[in-house]
Amino acid sequence: MSGCEKLTSLQGCPSTLEKFIGPDTGIASLEGLESTSIKKLVVSGCEKLESLKGAPPKLEELTGLADTGITSLEGLESTSIKKLVVGGCKKLASLQGCPRTLEELDASVQMKLTGSTAKAQYMGVYERSEKTAHGAPVFVKKAGNQTHYL
C-alpha cells in the first residue's frame, strides 16, 4: 500500500487481515482496526497519524513510526504487542503507555524523549527488564561495560 496518500481510513478492513504494511499513506487514525486480526503493522511516513488509539488487540509488532505524528504510546495498552520500533519518531515525547507485553523496544534512530533530544547512548535495541517505574516497564540495553535504561 506504499504511497497511497489518498488512503485516509482503515475502516472496513477484513477481520481476517493479519498484516498491514502501509507506509506513506494518508492514514490519520487506526480506528477500524479494533476488530481485525492484525499482528504486524508498518506505518512509516504516515505523517497524519497522530494517535495509536484503535490499535488491534492482537497486534504483536508495530514498526515504522518514523515520520509519523505519534506523540505518545497511548492506545497500545490493550494490545498484545511484543516488538515496538520507535526510532525516527521525532514527536514521541514519552514511553508512557508502553504495554506490559512489550519485550523489545527499538530506538535505533535518534528521537525526542522527555522534551530533549536523545543522545547516541540511548539509541539502539532495548530488552524489557524485570523492573518497572511508575507502573510502566523499564527497558535495558547493555553496551560493553555500560548499562542504559529507558
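1. Basis. The model is predicted: local features need pLDDT of at least 70 and side-chain atom pairs count only at pLDDT 80 or more, while totals for chains, interfaces and linings use all residues. Residues are numbered from 1 along each chain as its sequence is written, and side-chain values use heavy atoms, with hydrogens and water left out.

2. Fold. Helices (H or I, at least four residues) and strands (E, at least two) are DSSP runs, numbered from the N terminus. Among contacts with a separation of 6 or more, 10% join residues 24 or more positions apart; a contact means heavy atoms within 4.5 Å.

3. Surface and burial. The protein chain exposes about 7800 Å², and carbon and sulfur atoms supply 49% of that area. Accessible areas come from the Shrake-Rupley method with a 1.4 Å probe, and for residues only the protein chains shown count as cover. Of the 150 residues, 43% are buried. Buried means under 20% relative accessible area, exposed means over 50%, and partly exposed lies in between (1.4 Å probe, protein chains only).

4. Core. The largest nonpolar core has 29 residues, and the members touching the most others are Leu41, Leu62, Leu65, Leu76 and Leu84. Such a core is a set of buried Ala, Val, Leu, Ile, Met, Phe, Trp, Tyr and Cys residues joined through side-chain atoms within 4.5 Å. Leaving aside residues up to four places away in sequence, Leu62 touches residues including Leu41, Leu76, Leu84 and Lys83.

5. Lys83. This residue sits in strand E4 (residues 83-85) and is partly exposed, at a relative accessible area of 28%. Beyond four places in sequence, Lys83 touches Glu60, Glu61, Leu62, Leu102 and Glu104. Lys83 and Leu59 are 24 residues apart in sequence, with 9.5 Å between their C-alpha atoms.

6. Thr79. The loop between strand E3 (61-63) and E4 holds Thr79, which is buried at 6% relative accessible area. A polar atom of the Thr79 side chain lies 2.7 Å from the backbone oxygen of Leu76. A polar atom of that side chain also lies 3.4 Å from the backbone nitrogen of Ile81. Outside four places in sequence, Thr79 touches Ala55, Pro56, Pro57, Leu59, Pro99 and Thr101.

7. Salt bridges. Side chains of opposite charge can pair when their charged atoms come close. The whole structure has three salt bridges, each a side-chain nitrogen of Lys or Arg within 4 Å of a carboxyl oxygen of Asp or Glu.

8. Lys40 and Glu61. Their closest N and O atoms are 4.0 Å apart. Lys40 is in strand E2 (residues 40-42) and Glu61 in strand E3, so this pair ties together parts 21 residues apart in sequence. Lys40 is partly exposed at 27%, as is Glu61 at 23%.

9. Glu74 and Lys53. In this salt bridge the closest N and O atoms are 3.6 Å apart. Glu74 lies in the loop between E3 and E4 and Lys53 in the loop between E2 and E3, so the pair ties together parts 21 residues apart in sequence.

10. Asp67 and Lys90. Here the closest N and O atoms of the salt bridge are 3.4 Å apart. Asp67 lies in the loop between E3 and E4 and Lys90 in the loop between E4 and strand E5 (104-106), so parts 23 residues apart in sequence are tied together. Asp67 is partly exposed at 40% relative accessibility, whereas Lys90 is exposed at 53%.

How values were computed. Polar contact = N/O pair within 3.5 Å; in protein donor to acceptor, adjacent residues only side chain to side chain.
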